[in-house]
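Hi everyone, thanks for having me. I'd like to walk you through one structure today, a step at a time, so please have a look at it with me.

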Amino acid sequence: MSLTSRFDEPMRLAIAEAQRAVEISQDVPVGAVLIDAAGQIVAVGRNERELTGDPTAHAEVVAIRAASQGAGDWRLEDLTLVVTLEPCVMCAGAILAARIGRVVFGAFDERVGASGSLYDLLRDRRLATPVEVINGVLADESTAMLRQFFESRRISGSR
């Protein structure tokens, strides 16, 4: 089993969460799953900005909040965050603050990505201990879902 394929199952769960974001609140389809070293699900999150009116309710932040609440601790060093889209600057900051050791993502975000495309905050040694980043896991599925969402919004004239 390759390093990236061992994250296929949690990425499929993240993709399912991303689809729920669209179904529940017409939010951008991004989903996140936090897993422990054994691969067990600790927390899930999906974009909830439209649902909650909270600009910080990105999938990663929602999952980090749930994991911290469940653990009773903000330190999440032993967890891996699996997310369908490359984390943005805000989410990268939250990942560093929570001391998450590994991030696995599907699609790159060339517009606002902060984990290897536009910026690389997670591996910037000036900020904190570098985070292991694995990209491209089920990237085609994640990219297609995002592309379809934004194309449908353009056709319908939605925001």
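Let's begin with Glu-132, which is partly exposed, with a relative accessible area of 34%. Keep in mind that this is a predicted model. Which residue does Glu-132 form a salt bridge with? The partner is Arg-102, and the closest N and O atoms of the two are 2.9 Å apart. This pair links distant parts of the chain: Glu-132 sits in strand S5 (residues 132-135) and Arg-102 in strand S4, 30 residues apart. Is Arg-102 buried or exposed? Arg-102 has a relative accessible area of 19%, so it counts as buried, because the cut-off for buried is under 20%.

Let me show you a few others.

Arg-75 and Asp-73 form a salt bridge, with their closest N and O atoms 3.0 Å apart. Arg-75 is partly exposed, at 37% relative accessible area, and Asp-73 is partly exposed as well, at 29%.

Next, please find Asp-124 and Arg-126. Their side chains meet in a salt bridge, at 2.6 Å from N to O.

Now for the rings. How do we describe two aromatic rings that sit together? A pair of aromatic rings is described by the distance of the centres and the angle of the planes. This structure holds two aromatic pairs. In one of them, the ring centres of Phe-105 and Phe-108 are 5.1 Å apart and the planes lie at 85 degrees, so the pair is edge-to-face. Phe-105 is buried, with a relative accessible area of 0%, whereas Phe-108 is partly exposed at 37%.

The other pair is Phe-149 and Phe-150. Their centres are 5.1 Å apart and their planes are at 80 degrees, which means that this pair, too, is edge-to-face. Phe-149 counts as buried at 5% relative accessibility, and Phe-150 counts as partly exposed at 37%.

Let's move on to a helix. Which residues of helix H4 (residues 89-98) are buried? They are Cys-91, Ala-92, Ile-95, Leu-96 and Ala-98. Here is a handy thing to remember about spacing. An α-helix has 3.6 residues a turn, so residues three or four places apart point the same way. What covers the buried residues of H4? The cover includes helix H3 (59-71), strand S3 (80-85) and strand S4 (102-107). Just after H4, Arg-99 takes a positive phi of about 60 degrees.

My last stop is on the surface. Leu-13, Ile-41 and Val-44 form a nonpolar patch there, and together they have about 220 Å² of accessible area. Where in the structure is Ile-41? Ile-41 lies in strand S2 (residues 41-46). At 41% relative accessibility, Ile-41 counts as partly exposed.

Methods. Residues are numbered from 1 along each chain as its sequence is written. This is a predicted model: local features need pLDDT of at least 70, side-chain atom pairs count only at pLDDT 80 or more; totals for chains, interfaces and linings use all residues. Side-chain values use heavy atoms; hydrogens and water are left out. Buried means under 20% relative accessible area, exposed over 50%, partly exposed in between (1.4 Å probe, protein chains only). Helices (H or I, at least four residues) and strands (E, at least two) are DSSP runs, numbered from the N terminus. Contact means heavy atoms within 4.5 Å. Patches are made of residues with over 30% relative accessible area and no salt bridge: like charges are joined within 9 Å, nonpolar side chains (Val, Leu, Ile, Met, Phe, Trp, Tyr) within 5 Å. Accessible areas come from the Shrake-Rupley method with a 1.4 Å probe; for residues, only the protein chains shown count as cover. A salt bridge is a side-chain nitrogen of Lys or Arg within 4 Å of a carboxyl oxygen of Asp or Glu. Rings of Phe, Tyr and Trp (its six-membered ring) pair if their centres lie within 6.5 Å; planes under 30 degrees apart count as stacked, over 60 as edge-to-face and the rest as tilted.
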